[in-house]
There are 2 protein chains.
Amino acid sequence: MELFEAIYRRRDVRDFGPDEIPRETLGIILDAAHHAGSVGFMQPWNFTIIRSQETQSTIADLVAEENNKAAGNYIGIEREKYLSLHLEAIRSAPVNIAVTCDSSRGGPHVAGRNTMPETDVYSTCCAIQNLWLAARAEGVGMCWVSLLDPERVKEILEIPPEITLVGYLCLGIPEYFEDRPHLEQQGWKTRTPLEEVVFYESWNQKATEPIQTVRENS
Amino acid sequence: MELFEAIYRRRDVRDFGPDEIPRETLGIILDAAHHAGSVGFMQPWNFTIIRSQETQSTIADLVAEENNKAAGNYIGIEREKYLSLHLEAIRSAPVNIAVTCDSSRGGPHVAGRNTMPETDVYSTCCAIQNLWLAARAEGVGMCWVSLLDPERVKEILEIPPEITLVGYLCLGIPEYFEDRPHLEQQGWKTRTPLEEVVFYESWNQKATEPIQTVRENS
């Protein structure tokens with residue numbers, strides 16, 4: 001798949017069919033993640049693959065708990081919308097991946113990390129984006145479940161306290177990929193025009209005309 | 001360009017030729033960034049484009065200062081290696097982009113962000129990875145300069161205190177893209193085998209055999 005096709009057709013997928021992810025496909029996806037850039041070539045990430053139904057189920061219970069708490073922030077139709085967002089896909093995904101960051105990797109002085117130590121976690125997020133795009137290209141759907149208490153998940157997976165849980169991902173083979181982001185399709189939110197998020201030379205200085213995003217001759 | 005080609009051939013580029021980045025190319029790259037996933041479709045990012053030589057120069061001075069401090073952590077050959085790493089490419093890049101995250105965007109309750117509020121910054125990193133890959137596909141080199149004091153950069157760009165500076169990027173047209181990461185090419189570090197970073201079911205449980213990353217029939 002072309003890069004731009006993968007970027008524009010990537011979705012947060014929360015409905016999976018019954019098919020397994022072939023072992024070689026998972027390898028390809030993980031290798032793509034591992035080829036993200038990292039501060040000082042630190043490669044601070046680990047990917048813990050969870051296929052065990054029992055572990056997935058324990059983690060899904062945590063998410064359900066947080067989901068109920070979060071739904072309390074909304075009322076009426078908003079609340080119904082919220083609960084219908086399928087915030088939990090853990091049990092139905094054949095593969096879960098806990099993505100973590102080890103801040104001690106590479107020793108005490110990692111090139112380029114002196115003033116912004118958080119760049120190790122940022123590198124790990126870049127790896128997740130590679131993973132997400134590679135999954136899309138391989139026909140694998142993925143969602144990033146963030147409605148969980150990272151410390152409790154770490155305990156379940158025996159991840160040491162000093163390691164950061166960055167993302168908890170669910171992967172599976174979807175029936176289809178939606179044309180637009182699910183939250184947009186459901187009328188929850190729309191995409192902000194590009195012109196609103198791009199500034200020139202300093203904060204909040206916007207373009208006076210539309211930003212060209214396709215070639216004139218294409 | 002194919003997705004996997006972009007992933008495997010993306011580099012942290014710090015040497016740029018004299019050519020400008022065409023306006024439409026920059027638009028294409030920014031639009032790719034804007035199409036990253038974000039927690040609760042929050043789209044918390046902004047991209048401040050800096051072409052002003054004066055602003056670039058002021059920021060480059062900050063980086064040079066931090067670079068000298070950081071070099072103090074190394075001695076002898078290590079130090080020479082460190083200083084030769086071209087940690088500063090700000091002045092030679094026609095375009096700098098300050099990527100920021102606005103944690104207040106989307107109001108007080110963003111779907112999926114209750115337990116891990118930091119996921120807004122994580123989404124912004126995903127946008128940066130999209131930007132990096134899109135740049136690569138368009139023949140534009142990019143480096144992520146992290147050796148700077150984010151608060152001082154924010155002052156220069158008049159970015160409000162409550163906004164997070166996530167990444168400071170330099171983009172330009174390189175003479176060539178290196179085959180391997182610069183830090184690997186320079187003998188600074190090597191890529192960790194994939195088998196070392198992938199665990200199964202719980203922390204530190206590694207595979208007993210190599211992970212397949214290409215199709216048998218390819």
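The expected span of a helix is 1.5 Å times one less than its number of residues. With that in mind, look at chain B of this predicted model, where helix H5, made of residues 119–137, has 19 residues and reaches 27 Å from its first C-alpha to its last, close to the 27 Å expected. Because 19 of the 19 residues of H5(B) are buried, this helix is largely enclosed by the rest of the structure. After H5(B) comes Gly139(B), whose phi is positive, near 80 degrees.

Helix H3 of chain B, residues 53–71, also has 19 residues, and from its first C-alpha to its last H3(B) reaches 26 Å, close to the 27 Å expected. The buried residues of H3(B) are Ile59(B), Ala60(B), Leu62(B), Val63(B), Glu66(B), Asn67(B) and Ala70(B). Seen down the axis of H3(B), these buried residues fall within an arc of 160 degrees, so they line one face of the helix. What covers them includes strand S3 (141–145) and helix H6 (150–156) of chain B, whereas on the other side of H3(B) the exposed residues include Gln53(B), Asp61(B) and Lys69(B).

Two packed helices are described by the angle between their axes and the distance between the axes. The axes of helix H2 (residues 23–34) of chain B and H5(B) come within 7 Å and cross at roughly 145 degrees, and this crossing is right-handed. In the contact, residues of H2(B) including Ile28(B), Ile29(B) and His34(B) meet residues of H5(B), among them Ala127(B), Asn130(B) and Leu131(B). By class, the contact of H2(B) with H5(B) has nine nonpolar, two polar and no charged residues.

Terms used:
Residues are numbered from 1 along each chain as its sequence is written. Chains are lettered from A and ligands numbered from 1 in the order in which they are written. This is a predicted model: local features need pLDDT of at least 70, side-chain atom pairs count only at pLDDT 80 or more; totals for chains, interfaces and linings use all residues. Helices (H or I, at least four residues) and strands (E, at least two) are DSSP runs, numbered from the N terminus. A residue is buried if 20 or more other C-beta atoms lie within 10 Å of its own, exposed if 12 or fewer, and partly exposed in between; C-beta atoms are placed from the backbone. The arc is that of the directions from the helix axis to the C-beta atoms. Two residues are in contact if their C-beta atoms, placed from the backbone, lie within 7 Å. Axes are lines fitted to C-alpha atoms, for helices over the stretch in contact, and angles run from 0 to 180 degrees between N-to-C directions. A crossing is left-handed if the near helix is turned anticlockwise from the far one by less than a right angle, and right-handed if clockwise. Ala, Val, Leu, Ile, Met, Phe, Trp, Tyr, Cys and Pro count as nonpolar, Asp, Glu, Lys and Arg as charged, and the others, Gly among them, as polar.
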